[in-house]
Amino acid sequence: MLLCIDCGNTNTVFALWDGDDFVCTFRTSTEWQRTADQYFVWYTTLLNHHKIDAHVDEVIISSTVPRVVFNLRVMADRYFGTRPYVVTKAGCLLPVDPRVDEGTQVGPDRLVNTAGAFDRHGGDLIVVDFGTATTFDVVAEDGAYVGGVIAPGVNLSLEALHQAAAALPHVDITKPQAVIGTNTVACMQSGVFWGYIGLINGLCERIKGEYDRPMKVVGTGGLAPLFSSGYALFDCIEDDLTMHGLTVIHRFNKDQNN
Ligand SMILES: Nc1ncnc2c1ncn2[C@@H]1O[C@H](COP(=O)(O)OP(=O)(O)OP(=O)(O)O)[C@@H](O)[C@H]1O
Ligand SMILES: CC(C)(CO)[C@@H](O)C(=O)NCCC(=O)O
Ligand SMILES: [K+]
């Protein structure tokens with residue numbers, strides 16, 4: 001089986017791919033200090049809990065945090081006896097190279113989303129991913145990542161208000177019924193929720209204005225369903241887009257080597 005690993009700045013996700021389906025998905029916080037042994041103990045505990053009998057023989061990693069890659073490589077070597085594919089690193093090709101300014105190091109998660117979305121929908125896409133940051137990835141007709149937008153993430157925006165202003169509490173994101181909040185928490189939730197609706201709509205309209213062909217908008221990430229509830233922000237939502245992209249990149253590399 002193929003173990004797909006997606007390390008974001010907040011969370012790290014392991015998903016096991018049997019060639020047809022993901023048999024399980026496990027999530028932990030991203031901490032660069034975590035060792036190869038710690039990853040493996042966590043992973044086997046969850047496998048045993050779910051009574052899954054898995055034989056991993058290949059690993060692919062996408063990491064937006066460079067420091068965690070060393071220990072994940074050690075884990076792949078020590079426990080699965082394999083050399084992992086690491087997206088944007090030597091030995092891991094992309095189906096289509098990005099077209100961006102020279103010297104730009106595009107986040108591997110954005111390149112993986114691009115590959116996953118192109119595989120499912122073809123080109124001319126905007127992929128909106130709600131992670132630590134909210135990213136918009138523009139996928140060209142031929143499947144190349146050709147740029148996009150990086151905006152502060154939803155939870156990051158709420159946390160920044162709390163950190164910077166003594167009287168503002170920590171609050172969770174939710175969809176407020178009204179825009180005019182009548183208490184502090186409701187005001188903050190309104191600012192971030194309705195502000196984000198405006199941000200997503202406005203950016204997608206502007207991207208479409210700069211692009212010369214019709215585009216489809218794909219939403220992904222934990223908060224995509226919340227923001228799409230009741231609004232036609234996205235043409236579709238796919239919660240497994242990053243993991244799907246990892247399987248696409250893995251298959252592409254296997255095909256190249258055969
Ligand atoms: N209603 C909600 N309120 C707060 N957080 C939520 C809600 N729904 C989902 N989430 C959060 O979304 C996260 C899943 O999002 P996702 O995996 O896309 O990004 P992330 O892990 O937060 O960011 P990154 O990939 O950058 O590390 C979960 O950790 C979960 O805590
Ligand atoms: C924007 C994030 C943090 C989103 O996870 C990540 O994709 C990243 O670190 N990107 C590097 C810069 C870029 O993508 O242009
Ligand atoms: K993510």
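K51 sits in the loop that links α1 (36–49) to β4 (58–63), where helices (H or I, at least four residues) and strands (E, at least two) are DSSP runs numbered from the N terminus. The model is predicted, so that local features need pLDDT of at least 70 and side-chain atom pairs count only at pLDDT 80 or more, while totals for chains, interfaces and linings use all residues. Residues are numbered from 1 along each chain as its sequence is written, and chains are lettered from A and ligands numbered from 1 in the order in which they are written.

K51 and T88 are set out below with their phi values, each of which is positive in a residue other than glycine. For the burial classes, a residue is buried if 20 or more other C-beta atoms lie within 10 Å of its own, exposed if 12 or fewer, and partly exposed in between, with C-beta atoms placed from the backbone.

| Residue | Phi | Other C-beta atoms within 10 Å | Class |
|---|---|---|---|
| K51 | near 55° | 6 | exposed |
| T88 | near 80° | 15 | partly exposed |

Helix α3 contains D109, the position at which UniProt, in an unreviewed entry, places the feature "active site"; feature names from that record are shortened, its positions are given in the numbering used here, and its annotations may be inferred rather than shown by experiment. D109 counts as buried because it has 27 C-beta neighbours inside 10 Å. Leaving aside neighbours within four places in sequence, D109 is in contact (C-beta atoms, placed from the backbone, within 7 Å) with D6, G8, S62, T64 and T242.

Five strands make up an open sheet of mixed pairing, in the order β8-β7-β6-β9-β10, with two strands taken as paired if DSSP finds at least two bridges between them. Its edges are β8 (145–152) and β10 (236–237), each of which pairs on one side only. Within this sheet, β6 (residues 125–130) and β7 (residues 133–139) run antiparallel and are joined by six bridges; L125 has V139 in β7 as its bridge partner.

Terms used. Contact = placed C-beta atoms within 7 Å.
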